[in-house]
Amino acid sequence: MHAKALPIGSAFFVYLKKQLHMKSHRNSALELSKEQFKEIGYQLIDNLSNFIDTIQEKPITRGENPKELLKVLGDFHLPKEGTSTSILVSETTDLILKHSLFNGHPKFLGFITSSPAPIGALADLLAATANPNVGAHVLSPIATEIEKQTIQWLCEFIGVPNTYGGLLVSGGNMANFTGFLAARTAKAPKTIKTDGISNAKSKLTVYCSKTTHTWIEKATILFGLGTNSIRWIETNKANKMNIDVLKETIQKDINEGCKPIMVIGTAGDVSTGVVDNLKEISKVCNQHDLWFHIDGAYGVPAAIVSDLKDVFNGLEDADSIALDPHKWLYNPLEAGCTLVKNPVHLTNTFSSHPEYYNFANNEDEQVINYYEYGLQNSRGFRALKVWMALKQIGRNGYQKLISEDIELSKLLFEEAKNHDLFEAVTQNLSITTFRFVPENITDENYLNKLNEAIVNTLQLGGEVFVSNAIIDNTYCLRACFVNFRTSKKDIPEIIQIIEKVGNKLHTELMQ
Ligand SMILES: Cc1ncc(COP(=O)(O)O)c(C=O)c1O
């Protein structure tokens, strides 16, 4: 057997290069060839587009319990060996599209979870494929610039100067936490960063209305103030923070040696959608040199509707604002955002310069390293889906969708008001509360029990999904319209379905 002769001279180098090139292709189990990615990807997109096209015909949920779901999933151990990628993707698509709850269904009106804009799904695929780490500019050059532009656009959207700075976070809780920590750094004694809260001479206190979302409790627990630092201010008849009580409470705390640091105004409370009197809160903050934070996680995008200008008067006075693109900007989960009037408060709070990060720091104002703006270090490219949706439909598109959601909420309120078996309770922004009241029933305990049973039944039934609100001890059904698929025709159908379920449960409970 003759040994194969090696090429000589320049031909040898070509040969060597070829050998090296072949060796650089590691045979990795995770890699997909171009053809595989295309074939499996096209199949996935085909299935997803069919799903989106027929979502209104599917039940919102199958109401399966954990035991039933475990049966579907199979109780296996961690697989030892891998499996065929195309079978895996096709079976998983089936699993997810059969057994999920679909908040993209036109009759999903629960909590504050929007229908997801399909552009967001495409954006997430694109973002995950490029996979920039938006913690540092050097790791995410174009992604960082897109996030900066997204922040500017969100400022323009809600009508505050685009000199506010900020960042995208996972949702409303994180957006509020980020504002809370910036407030703590700005208004607590300067030693707080080195000596911690336990060495503060005076007790730090924060002020918010009774309707404030539960994030405030988590924030005070996590960031050292404790829940006793929260002053829950009474609301007035309109369910807005009572400004006189706010003033009195702050003064009393100052007299007793506490150190008030911030007031939280809510722009769209989770239960009924009420917006606090932001201008009045801002004045109180100015008077006492307090940080003014607005939790607009749900409601603040409605500031784009010109008819609501007065409702949001004072927004531009906020030191920080939380808003959630995954609520009323219809982005798929997860996308929250914190805006801060003077972004230096963010770097004062979150910046550090370890020796292993050779990133340019903010001496060059053009360069933002987002790890210095918030709690996260490595960060995904959340901004892309927000940016793409804003570009897809623009200011006018959003104005129309948000106004229509508000109209649908008003329509539901009217339908309930004009129906013999319903009582309309509140309507603010795009949230309607109402209840089912059978003929000749006046027992409030019974009505609460009946309406609670209606909510529980609807949430598993798959026809209409609403959540609940307790208003002055009255158990109400609550519909929140942050759904670009709901239309006028759904409103009488929703009333009909609830009437059917209400009558059935009433008959059963009376037996
Ligand atoms: C007013 C308000 N703030 C904060 C949050 C928390 O938002 P997330 O669930 O995105 O953390 C919510 C959620 O509904 C909310 O309505």
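Q: Which exposed residues sit on the face of α10 turned away from its buried side?
A: Glu248 and Asn255 are the exposed residues carried on that face of α10. Exposed means over 50% relative accessible area, buried under 20%, and partly exposed in between, with a 1.4 Å probe and protein chains only. This is a predicted model: local features need pLDDT of at least 70, side-chain atom pairs count only at pLDDT 80 or more, and totals for chains, interfaces and linings use all residues. Residues are numbered from 1 along each chain as its sequence is written, and side-chain values use heavy atoms, with hydrogens and water left out.

Q: And which residues of α10 are buried?
A: Ile243, Leu246, Thr249, Ile250 and Asp253. Seen down the axis of α10, these buried residues fall within an arc of 125°, so they line one face of the helix. The arc is that of the directions from the helix axis to the C-beta atoms.

Q: Why would residues three or four places apart point the same way?
A: An α-helix has 3.6 residues a turn, so residues at that spacing point the same way.

Q: What about the ends of α10?
A: At its start, a side-chain oxygen of Asn242 comes to within 3.0 Å of the backbone nitrogen of Asp244. Just after α10, Gly257 has a positive phi of about 90°.

Q: How far does α10 reach from its first C-alpha to its last?
A: 18 Å, for 13 residues (243-255). That is close to the 18 Å expected at 1.5 Å a residue. The expected span is 1.5 Å times one less than the number of residues.

Q: Switching to α6. What covers its buried residues?
A: The cover includes β1 (165-169), β6 (320-323), β7 (336-340) and α14 (383-417). Among the buried residues of α6 are Ala143, Glu147, Lys148 and Phe157. The helix has 18 residues and reaches 27 Å, close to the 26 Å expected.

Q: Where does Pro132 lie?
A: In the loop between α5 (118-130) and α6 (141-158). Pro132 counts as buried, at 13% relative accessibility. Leaving aside neighbours within four places in sequence, its contacts include Leu139, Ala143, Arg379 and Phe381.

Q: Is Asn176 buried or exposed?
A: Buried, at 1% relative accessibility. Asn176 is in helix α7 (residues 172-187). Not counting residues up to four places away in sequence, Asn176 touches Trp215, His293, Ile294, Asp295 and Ala322.

Q: Now the domains. What does the assignment give?
A: Domain 1 (34-101), domain 2 (132-352 + 366-380) and domain 3 (394-510). The bounds come from an automatic or database domain assignment.

Q: How many residues does the contact take from domain 1 and from domain 3?
A: 8 residues from domain 1 and 8 residues from domain 3. The two bury about 520 Å² between them, 67% of it on carbon and sulfur atoms. Buried area is the accessible area (1.4 Å probe) that two parts lose on being put together, summed over both. The domain centres, taken over C-alpha atoms, are separated by 32 Å.

Q: And the chain overall?
A: There are 16 helices and 11 strands. Buried residues make up 46% of the 511 residues.

Notes: Helices (H or I, at least four residues) and strands (E, at least two) are DSSP runs, numbered from the N terminus. A polar contact is a pair of N or O atoms within 3.5 Å; within protein, one must be able to donate a hydrogen and the other to accept it, and residues adjacent in sequence count only if both atoms are side-chain atoms. Contact means heavy atoms within 4.5 Å.
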